[in-house]
Amino acid sequence: MTAGSLASYADDLFNVEDALLRGFREEAFAQGLPPIQVPGELARILQVLIVQSSARTILEVGTLFGYSSIIMARVLPPGGHITSLEVNPKHVALARSNLQAAGVADRVTIVEGPAVRSLTALSGRNFDFVFIDADKSSYPEYLEHALALTHAGSTIVADNVWRGGRVDHPEPSDVDAVGASRYNRMLAENPRLLTALIPTRDGADGAAVSVVLP
Ligand code: SAH
Ligand code: DHB
Ligand code: MG
């Protein structure tokens, strides 16, 4: 544990990761998946927002090995459901196996394929909660789809919208920061959205939390 770190302090005190999730995380790293699942403090923020907003239908963009899907599924009310989009078949396979082992496979549907294609196919569906956490360069496109797939009162959360401060530049140096920077500006300029940026990883990154206004 890092002394003086709010993130690790919060993560320890309000721990979300049980032995099962820890095992999934270690197995995913052993298989070479990137260690980019939600940090503990954001995991708990997602759970609080889902419970607070009484969300029953959740759309996730970016499944990885199912870590955040399981964390969100655990606070869903009976009958609640998550649709999670993932392009990498290896990630999809491991996530499906993890969802089974965690006992939430009936509550989570993973849709394999590029997220924009899957989002287009979801046209007409409606979600109470959207968690955007895939390729950052496509965040603006994901937001357009999220707005079409939500209703007044829905919550839209996006991870990695600060990127060590690289978004705070007129022309960010990498495509990830360009996407996240454009995403943040779209949030700010949309009168249908009320948005707060929340620091994560002790300010190294951040999450955008938006509510869709009536
Ligand atoms: N939400 C996960 C972490 C997601 S990491 C968690 O916290 O546990 C980002 C994921 O997005 C990776 O698995 C990556 O394969 C996926 N991804 C990247 N580009 C994508 C795309 N165009 N469509 C769908 N998924 C994509
Ligand atoms: C990266 C992606 C993430 O979703 C994340 O939480 C951290 C890092 C990345 O692609 O570098
Ligand atoms: Mg992320």
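1. Contacts and overall form. Of the contacts in the chain with a separation of 6 or more, 68% are between residues 24 or more positions apart. The model under review is predicted. Its chain has 8 helices and 7 strands. The radius of gyration is 16 Å, close to the 17 Å that the globule rule gives for 214 residues, so the chain is as compact as a globular protein of that length. Along the principal axes, the C-alpha atoms occupy a box of roughly 45 × 40 × 30 Å.

2. Burial and surface. Buried residues account for 50% of the 214 residues in the chain. The accessible surface of the chain is about 10100 Å², and 56% of this area belongs to carbon and sulfur atoms.

3. The magnesium site. The magnesium ion (ligand 3) is coordinated by D133 (OD), D159 (OD) and N160 (OD1), at distances of 2.0 to 2.2 Å. Along the chain, these donors follow the spacing D-x25-D-N. D133 is buried, with a relative accessible area of 14%. D159 is likewise buried, at 3%, and N160 is buried at 8%. Each of these values lies under the 20% relative accessible area that defines a buried residue.

4. K136 is buried, with a relative accessible area of 10%.

5. Helix α7. This helix spans residues 139-148 and is mostly covered, with 7 of its 10 residues buried. The buried residues are Y139, P140, Y142, L143, H145, A146 and L147. They pack against helices α6 (115-121) and α8 (175-189). They also pack against strands β1 (57-61), β4 (127-132), β5 (150-159) and β6 (193-200).

6. Salt bridges elsewhere. The structure holds 7 salt bridges. In one of them, the side chains of D18 and R74 meet at 2.9 Å, N to O. D18 lies in the loop between α1 and α2, and R74 in the loop between α4 (67-73) and β2 (81-86), so the pair ties together parts that are 56 residues apart in sequence. Both partners are partly exposed: D18 has a relative accessible area of 31% and R74 one of 34%.

7. D174 forms a salt bridge with R166, with 2.9 Å between the closest N and O atoms. R166 counts as partly exposed, at 37% relative accessibility. R163, D176 and D205 are joined into one network by salt bridges that share partners.

8. A nonpolar patch. L6, Y9, L13 and F14 make a nonpolar surface patch of about 470 Å². F14 lies in the loop between α1 (6-13) and α2 (19-30). Is F14 buried, partly exposed or exposed? With a relative accessible area of 46%, F14 is partly exposed.

9. Surroundings of T109. T109 lies in strand β3, residues 108-112. Which residues does T109 touch, not counting residues up to four places away in sequence? They are H81, I82, T83 and S84. The C-alpha atoms of T109 and T83 are separated by 4.9 Å, although the two residues are 26 residues apart along the chain. T109 is partly exposed, with a relative accessible area of 35%.

10. Most residues other than glycine have a negative phi. S54 has a positive phi of about 55 degrees although it is not a glycine. This residue is found in the loop between α3 (40-52) and β1, and it is exposed, with a relative accessible area of 55%. R201, also a residue other than glycine, has a positive phi near 45 degrees. R201 lies in the loop between β6 and β7 (205-212), and at 39% relative accessibility it counts as partly exposed.

Definitions and conventions
Residues are numbered from 1 along each chain as its sequence is written. Chains are lettered from A and ligands numbered from 1 in the order in which they are written. This is a predicted model: local features need pLDDT of at least 70, side-chain atom pairs count only at pLDDT 80 or more; totals for chains, interfaces and linings use all residues. Side-chain values use heavy atoms; hydrogens and water are left out. Patches are made of residues with over 30% relative accessible area and no salt bridge: like charges are joined within 9 Å, nonpolar side chains (Val, Leu, Ile, Met, Phe, Trp, Tyr) within 5 Å. Accessible areas come from the Shrake-Rupley method with a 1.4 Å probe; for residues, only the protein chains shown count as cover. A salt bridge is a side-chain nitrogen of Lys or Arg within 4 Å of a carboxyl oxygen of Asp or Glu. Helices (H or I, at least four residues) and strands (E, at least two) are DSSP runs, numbered from the N terminus. Buried means under 20% relative accessible area, exposed over 50%, partly exposed in between (1.4 Å probe, protein chains only). Contact means heavy atoms within 4.5 Å. Donors are N, O and S atoms within 2.8 Å of the metal (3.2 Å for Na, K and Ca); water is not among the atoms, so sites may look incomplete. The radius of gyration is taken over C-alpha atoms; the globule rule is 2.2 Å times the number of residues to the power 0.38.
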